[in-house]
Amino acid sequence: MKVVICAGIHDLHLTQALITAFESSFTSLSQLKETGNLLVYSPPYPYLSLSAVGILQFLHDRLGSSKTAPPLIFLGFSAGVVGALGAAWGWQLMGGKVRAAIAVDGWGVPLFTNFPCYRLSHDYFTHWSSALLGESNDSFYADPPVEHLVLWRSLPTITGWWVHSDESHAQHRTYLTAAEFLSMLLKRHENEGVASG
């Protein structure tokens with residue numbers, strides 16, 4: 001499994017801060033980086049974060065054929081969610097495997113897909129209003145709320161609510177950090193792959 005990070009239109013040091021924070025707090029992302037299974041799309045021009053075509057070219061340069069590449073999880077932030085979801089659809093249409101997409105503050109981006117999608121939001125309003133464009137059984141919102149860019153830069157220190165629905169569609173809430181939520185999703189899909197071969 002490989003994780004593809006698609007950042008938004010912001011300074012690249014914020015994404016590096018995210019990766020550094022994860023490396024010191026959680027082993028899952030650190031292990032992905034050490035084994036070469038963490039791919040960070042860093043376009044030469046920030047607006048290319050929106051480009052699914054640019055991300056697909058990046059993936060082909062790194063992985064070769066989508067049909068023989070390992071399964072991917074797309075992790076997008078802000079405007080990068082647009083590019084990440086477009087690339088995930090394109091990768092799948094070209095025969096690639098997509099395990100999941102994770103949208104971090106992808107406000108206004110619809111999440112209607114045939115693969116699992118999850119949302120992390122910097123406040124309750126963004127969480128609630130984004131759900132109108134597709135919600136999943138598992139999502140997270142910061143409480144207390146934080147600024148948009150702080151969510152991406154400081155996932156290990158941000159606390160909030162994991163909102164999850166059971167088979168009867170009853171909602172449950174668990175208080176944890178954004179990084180714990182993200183780490184849980186990565187482990188879920190990593191283990192899913194091991195169980196299914």
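Predicted model: local features only at pLDDT ≥ 70, side-chain atom pairs only at ≥ 80, totals over all residues.
Local features need pLDDT of at least 70 and side-chain atom pairs count only at pLDDT 80 or more, while totals for chains, interfaces and linings use all residues. Residues are numbered from 1 along each chain as its sequence is written, and side-chain values use heavy atoms, with hydrogens and water left out.

Helices (H or I, at least four residues) and strands (E, at least two) are DSSP runs, numbered from the N terminus. Helix H3 (residues 52-63) and helix H4 (residues 80-93) have axes that come within 8 Å and cross at roughly 55 degrees. H3 is therefore oblique to H4; angles under 35 degrees count as roughly parallel, over 145 as roughly antiparallel, 65 to 115 as roughly perpendicular and the rest as oblique. The axes are lines fitted to C-alpha atoms, for helices over the stretch in contact, and angles run from 0 to 180 degrees between N-to-C directions. On the H3 side, Ala52, Ile55, Leu56, Leu59, His60 and Leu63 meet Gly83, Ala84, Gly86, Ala87, Gly90 and Trp91 of H4, contact meaning heavy atoms within 4.5 Å. These contact residues comprise eight nonpolar, four polar and no charged (Ala, Val, Leu, Ile, Met, Phe, Trp, Tyr, Cys and Pro count as nonpolar, Asp, Glu, Lys and Arg as charged, and the others, Gly among them, as polar).

The largest pocket holds about 190 Å³ of space. Its lining has 16 residues, of which His127, Ala131, Glu135, Ser139 and Gln171 are the closest to its centre. On a 1 Å grid over the protein atoms alone, a pocket is an open set of points where a 1.4 Å probe fits, with protein on both sides within 12 Å along at least five of seven lines, and lining residues have an atom within 4 Å of a point. A volume is the space filled by probe spheres set on the points, which are joined across faces, edges and corners. Helix H5 (124-131) is among the elements that give two or more residues to this lining, and H5 gives the most, with four residues. By class, the lining has seven nonpolar, six polar and three charged residues.

The peptide bond from Asp143 to Pro144 is cis, with omega near 10 degrees. Pro144 belongs to the loop between S6 and helix H6 (148-153).
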